[in-house]
Amino acid sequence: MINRLLVANRGEIARRVFATCRALGVETVAVHSDADADAPFVAEADQAVRLPGNAPAETYLRIDLVLDAARRSGADAVHPGYGFLAENAEFAAAVTDAGLTWVGPPAKAIAAMGDKMAAKALLADAGVPMLPTWTDADQVTDFPVLVKAAAGGGGRGMRVVREAAGLAEAVAGARREAAAAFGDGTVFIERYVERGRHVEVQIFGDSHGTVVALGARDCSIQRRHQKIVEEAPGVLPPQVRERLYEAAVAAGRAVDYVGAGTVEFLLAPDGHVHFLEMNTRLQVEHPVTELTTGLDLVRLQLLVAEGEPLPLDATPPADGHAVEVRLCAEDPAQGFRPATGTLHRFAIPGVASGFTTAKGLRLDSGVTDGSTVGVHYDSMLAKLIAWAPTRAEAVRALAGALARAELHGVATNRDLLVRVLRSREFGAADVDTGFLDRHPEVFAPLLPPDQLPLVALAAALASAVRRRAAATVLAGLPSGWRNVPAFPQVARFGGADGAEIEVRYRLDRTGALADWSASPAGGGTTSGAAPAVALVEAAPDRVVLDVDGVRRAFRVHRVGSEVFVDGPDGAASLTELPRFPLPTAELAAGSLLAPLPGAVTRVHVEVGQRVTAGDLLLTLEAMKLEHPVLAPTDGVVAELPVPAGGQVDTGAVLAVVDNSSSARRDLEPSNPEEDPR
């Protein structure tokens, strides 16, 4: 029996495992880096052991430190979660050799599936269908292809290549990213199937020879080859579903599989199924399987690890439908780069449970109000899952909860997820891995641009009420009231995209909104005076406006100069600008700034080198991803203040490209036949 379990992971998956342990009466142990010392998963564990440092390579990827933590805490079992060491055969063997119970498949099975090329050969012999695959770029003659990391998943180290000219750089980039994420830079090349669907089968095995499929999931909505929406059961023809189950169970039996695993496939438009890989761990998207089967997969993992037989020997029927989204810290204004900061508020309405198999809306989160999102780990904040009797109901409930969520302080991909869920194509289950490429409209923010003036007005009114509440002189006068109507109240805000908006408004003696307008700061066309607006209610945290006869409520949350407004059409993050800003140092023209903290891994140019718009200047690595920094215009590299290996904070100058008239003259080709005399 397992009495005290150490989870060799962090964030949401650690909290997920702890939840089941509490229900079973199993004591829990967390390990944590310095960056995670105050994280929710650490507070929820019965014991916690510090792993000194921040980077994964010096903390969560250190087998010796994790085993020492198990010894010091008296743990008798280890659960690897997913990511980090979860699919590391050496770690599994070391845990077993230390006399601890390993909550996962045998090291031999992990090793067999961890070498993806060897796994393909092994499973092909077992009758599992495969895609054409190459290990040498020189062997590839048929495009498009997909470069993949041999030692990991989650989209890390993956590159689509459509022409031979780009293959060498794609392979090199994939190797670097895979080495950073998994400690192994080995890659291989696979035929890329256009408009394929990513479908997978949850399997479970026990030490008594049983391997069973627990249902199929569709994970086709992906960005950067990383899943962002998953659902179960996948909408599949019955005959395809059966082929998937047969192939997945065959894969499990080929390696004597024990525990939770996922066999991933690509479903081609012609109906053919192709094996992609087998993940020898619990998947991020396991909650959709739990909600449609009623099975606690972590509980099954613990029972199987204790040597118990599975309580079922056939695929259970699906009950209803479940859809999951991955809510990530990403900045839409910066091309969905990973974002950092402090989560001032993280609230999602209607959540029925967290980390359990209860029906309804489930939140599996690694963060809470006040959590700090740093650069050291993956950008996923939480998973929100909706269960309902039908797919349409589950999709609608999930989209509605996301749209009403209050997510303040860190930019997220929330708007993208809502637009995907509410799209006609997703509603019709017309999905494939290229969905986002074909539907750029889903990247638009939920808040229409013409509604920003109303949002800014609500922010201004709430701020005025807050200031008035703190007043000690003439406190009985209405907020924003002016004895001379020629001089309205003025508030200026900066938006997430860097644009500024100026709000002017005047209240009469009764506190009613007499007139208002909103326009781009510094002048421009008035954009907010058209609708007839009446003030119904104003408080520091809530403003209700009557807009052309329709009442609209805005929730307002202020932190310092930041104002977060959630309204019926969407949310906005604004920064109230000072009326008399202090002077700041002026950046050199052509300065390229770091969009987030990270490390400069490579510098591709030299000072004085001529570049053209789009040239790669340097590569920044943050949150396990490479971010190329490109020349915004033709010019000459004037400065490269950060060398390769240098660490930078958000806003640091990475390079300066001089596009002045003198630099442009230098770029003009000379004519050797001209005689300047």
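The structure holds zero disulfides, a disulfide being a pair of cysteine sulfur atoms within 2.5 Å. This is a predicted model: local features need pLDDT of at least 70, side-chain atom pairs count only at pLDDT 80 or more, and totals for chains, interfaces and linings use all residues. Residues are numbered from 1 along each chain as its sequence is written, and side-chain values use heavy atoms, with hydrogens and water left out.

**Cysteines**

- The sulfur of Cys219 lies 14 Å from the closest cysteine sulfur, in Cys328, which is too far for a bond.
- Cys328 is in no disulfide; its nearest cysteine sulfur is that of Cys219, 14 Å away.
- Cys219 is buried, at a relative accessible area of 0%. Buried means under 20% relative accessible area, exposed over 50%, and partly exposed in between (1.4 Å probe, protein chains only).
- Cys328 is buried too, with a relative accessible area of 8%.

**Helix pairs**

Helices (H or I, at least four residues) and strands (E, at least two) are DSSP runs, numbered from the N terminus. Axes are lines fitted to C-alpha atoms, for helices over the stretch in contact; angles run from 0 to 180 degrees between N-to-C directions. Angles under 35 degrees count as roughly parallel, over 145 as roughly antiparallel, 65 to 115 as roughly perpendicular and the rest as oblique.

- H5 (residues 107–114) and H6 (residues 116–125) have axes that come within 5 Å and cross at roughly 100 degrees. That makes H5 roughly perpendicular to H6.
- Ala112, Met113 and Gly114 of H5 meet Lys116, Ala118, Ala119, Leu122 and Leu123 of H6. Contact means heavy atoms within 4.5 Å.
- The H5–H6 contact residues divide into six nonpolar, one polar and one charged. Ala, Val, Leu, Ile, Met, Phe, Trp, Tyr, Cys and Pro count as nonpolar, Asp, Glu, Lys and Arg as charged, and the others, Gly among them, as polar.
- H1 (residues 11–24) and H10 (residues 297–305) pack at about 65 degrees, with their axes 9 Å apart. H1 is thus roughly perpendicular to H10.
- On the H1 side, Arg16, Val17, Thr20, Cys21 and Leu24 meet Leu297, Val298, Arg299 and Leu302 of H10. By class, this contact of H1 with H10 has six nonpolar, one polar and two charged residues.
- H11 (residues 391–404) and H12 (residues 414–421) have axes that come within 9 Å and cross at roughly 155 degrees. That makes H11 roughly antiparallel to H12.
- Val395, Leu398, Ala399, Leu402 and Ala403 of H11 make the contact with Arg414, Leu417, Val418 and Leu421 of H12. The classes are eight nonpolar, no polar and one charged.

**A buried arginine**

- Arg15 is found in helix H1. At 11% relative accessibility, Arg15 counts as buried.
- Arg15 touches Pro40, Phe41, Glu44, Phe355, Ser365, Gly366, Val367 and Thr368, not counting residues up to four places away in sequence.

**Backbone features**

- A cis peptide bond joins Phe143 and Pro144, with omega about 5 degrees. Pro144 sits in the loop between strand E6 (133–134) and strand E7 (145–149).
- The Ala232 to Pro233 peptide bond is cis, with omega near -10 degrees. Pro233 lies in the loop between strand E12 (226–232) and helix H8 (238–254).
- Phe336 is not a glycine, yet its phi is positive, near 60 degrees. Phe336 lies in the loop between strand E16 (330–331) and strand E17 (337–338), and counts as buried at 8% relative accessibility.
- Ala429 has a positive phi of about 60 degrees. Ala429 is in the loop between helix H13 (424–427) and helix H14 (435–438), and is buried at 18%.
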